[in-house]
Amino acid sequence: MRIIGRALAAMVLLVTAAVAGAVEEDGYELWMRYRPLDKAAQSALQPRATALVYSGTASPTAQAAISELQRGFGGMLGKVPAADTQLRNGAIVLATPASMPELAKGLEALGSEGYQLRSTVVQGKKLTVIAANSDKGLLYGAFALLRAVGTGAKLDALNTSSAPKLQLRLLNHWDNLDRTVERGYAGESIWDWWRLPDIRDRRYTDYARANASLGINGTVLNNVNSKPEILTAPWIAKAAAVADVLRPYGIKVYLSARWSTPLELKETKTADPLAPEVAEWWTRKADEIYRAIPDFGGFLVKANSEGQPGPQDYHRSHADGANMLARAVAPYKGIVMWRAFVYAHEKPVDRARQAYDEFKPLDGTFLPNVMVQVKNGAIDFQPREPFHPLFGAMPKTPLMMEFQITKEYLGFSTHMAYLGAMYEETLREDTQQKPGGFTVAQVLEDKDHGQRLTGMAGVANIGSERNWSGSHFDQANWYAYGRLAWDPQASARELAREWAAQTFTPDPRVTGPVVDMMMLSREAVVNYMTPIGLHHLMGTGHHHGPAPWVDSLGRPDWNPVYYHKADRQGVGFDRTATGSDALAQYAAPIARQYADPRTTPAKYLLWFHHLPWDYAMPSGRTLWAEMIAHYDQGVGEAKDLRARWEKLKPFIDARRHEDTANLLDVQVKEAQWWRDACIAYFQSVSGKALPQGVKAPARTLDYYKSLHFPYAPGRG
Ligand code: BDP
């Protein structure tokens, strides 16, 4: 009786799970869930994944590849392929020119990180071969094979190869030493600094697996707003412990260095980059770091920006500073990533101009192991920005892209906004710095120069929360970033499909609608926050919610009114020759095209032009009516996302469905808030009546102004 009872209970559970989509998941496994494939897919694969063959002693990296394949195929097929040294029918073979020359041929173009996947028959035995020049390539190949299977590929006709187009594919953690995270919306820092170096959280290994699965090969552990302590012995030991865990996964550790570290530690009398004692200090420091971390990647530096110290404090240039550090790490093949995110309020020039003004004249003066790291746009990680004019404009300097993965300005981890679409938009922009076209992606790839450094950095959205990123869909931004760092020309839509197939199910009834939602989501945010080229209207400090009215902050360029310049007559920032002329920093064809509002892409209109409220838009509406239409569209799109998600309920496990549904409810509410507060404010300035049929904001402008969020997360 009791057995029957239990069986019944189990059946009820199973049925419930099937109705709800599947067993509940908390998101910890990211896109590496390796759930059992359906029976048909399993039997199609079965003869192809019976064993794993690697000849010789596996290095820790090869071992990581083997373990992942065992975990992955074990999960998807229900049977762990046994490690073997004999080529047997159905084996997956890991081959390098050193371990199995006969199976690892024609890999010249793949470099040290690329891989080849192919199905072949050798002496009557069907084999799936992962071939690469190095064990790191094998690891990337192993993940690529698992991704292929996880997204529905068959193993019978596999024949692909891939190599990264950028050398440095990095995460930048803005993690503080007290474990808070600047602009972090996913709990505390994953680095449990206090317990390091003794306690190495197992989560670090899963972090390494996730990054390696995307091809990410470096990570800056600490905030760009750095502290001197990070370069003292106890903290170097902590970083070394993390480096030990990440190393087998091909991930190097880097640190953010505070310019004035030696001075603040009272070990020098100045931080002047040209003072011998300063250079000597950094040389000794580099020696010390490399003794603890032999493959240390190098330094990331935010200098003379937002109050951070830097070489300009001593009337030296960014190049003087970067080169001094670069000399210290050069003997170890270390690099320096020097950020171009600089602006100073003492200068009354348009903030959007300042990075270019400071860095362009330095082109050609940096040492070869320096990269200048440039944000995607000239202001600051806004929901939409035109590409940064430095891309394509510093031909003698390797430039590294800096994207933000954490959504500081796009609704934190609450709003759904698939950033793959945003990254793709920037990467595909044509800088027009060369006849025939020169996209931002091509600038980064730097094909003309061959051996120069190339790279991309993403400000991480990873924290201590079980689901890593604060929401399930924010995992997709980490995913898309990593895959685009491997191939900046990849398609955001295709990456969304890959992610959705692995994160939920390859069932097209799910991937189709999920991908459509993702592709819509970023545009929705732009529509309800900052349409038609508006920017930086967010709440002071924390950047949560609308605050276009703010005009009282210490520095002019921290005030939203600085960016929209709305008055009775019109709205928008004139960056043409009649205004700040920031437009002149772009290549001539762009500068010409955007000089006229009628030939400026509508999405950038108010970024470059100050226009009358009655300006006639191509739609036939006035600018004022168009702006409102965008706000309404954004709210509609947020509601649409919520409705579409509801329809997916039968296919998604109850927990992840509910987590996401709850967040979408908040997004709908906050989209409405953005719309109402912005319309109320701009109406108070323009004095315009609402167009017919438009709903008045729900509350008064004073109400929206009265909202304060002193405890909003992420201020670091
Ligand atoms: C801004 C962030 C600030 C960062 C800064 C940076 O609000 O927290 O320190 O960027 O990139 O967007 O240095």
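What is the handedness of the crossing of H6 and H8? The crossing is right-handed, where right-handed means that the near helix is turned clockwise from the far one by less than a right angle, and left-handed that it is turned anticlockwise.

The views show a predicted model, in which local features need pLDDT of at least 70, side-chain atom pairs count only at pLDDT 80 or more, and totals for chains, interfaces and linings use all residues. Residues are numbered from 1 along each chain as its sequence is written, and side-chain values use heavy atoms, with hydrogens and water left out.

**View 1. Domains of the chain.** Domain 1 covers 26-162, domain 2 covers 169-503 and domain 3 covers 527-573 + 610-706; the bounds come from an automatic or database domain assignment. The centres of domain 1 and domain 3, taken over C-alpha atoms, are 48 Å apart.

**View 2. Closed barrel of 8 strands.** The strand order is E7-E8-E9-E10-E11-E12-E13-E14, with parallel pairing (strands pair if DSSP finds at least two bridges between them; strands are DSSP runs of E, at least two residues, and helices runs of H or I, at least four, numbered from the N terminus). From one strand to the next, the twist averages 25° (angles run from 0 to 180 degrees between N-to-C directions, and axes are lines fitted to C-alpha atoms, for helices over the stretch in contact). Strand E11 (residues 335-339) is paired in the parallel sense with strand E12 (residues 370-375) over 4 bridges. Opposite valine 336 stands valine 370 in E12.

View 3. Ala233, Ile236 and Ala240 of H6 are in contact with Lys285, Glu288, Ile289 and Ala292 of H8 (contact means heavy atoms within 4.5 Å). These residues divide into 5 nonpolar, no polar and 2 charged (Ala, Val, Leu, Ile, Met, Phe, Trp, Tyr, Cys and Pro count as nonpolar, Asp, Glu, Lys and Arg as charged, and the others, Gly among them, as polar).

**View 4. Crossing of helices H13 and H14.** The axes of H13 (residues 475-486) and H14 (residues 492-503) come within 10 Å and cross at roughly 130°, which makes H13 oblique to H14. The crossing is right-handed.

Note on methods:
Parallel < 35°, antiparallel > 145°, perpendicular 65-115°, else oblique.
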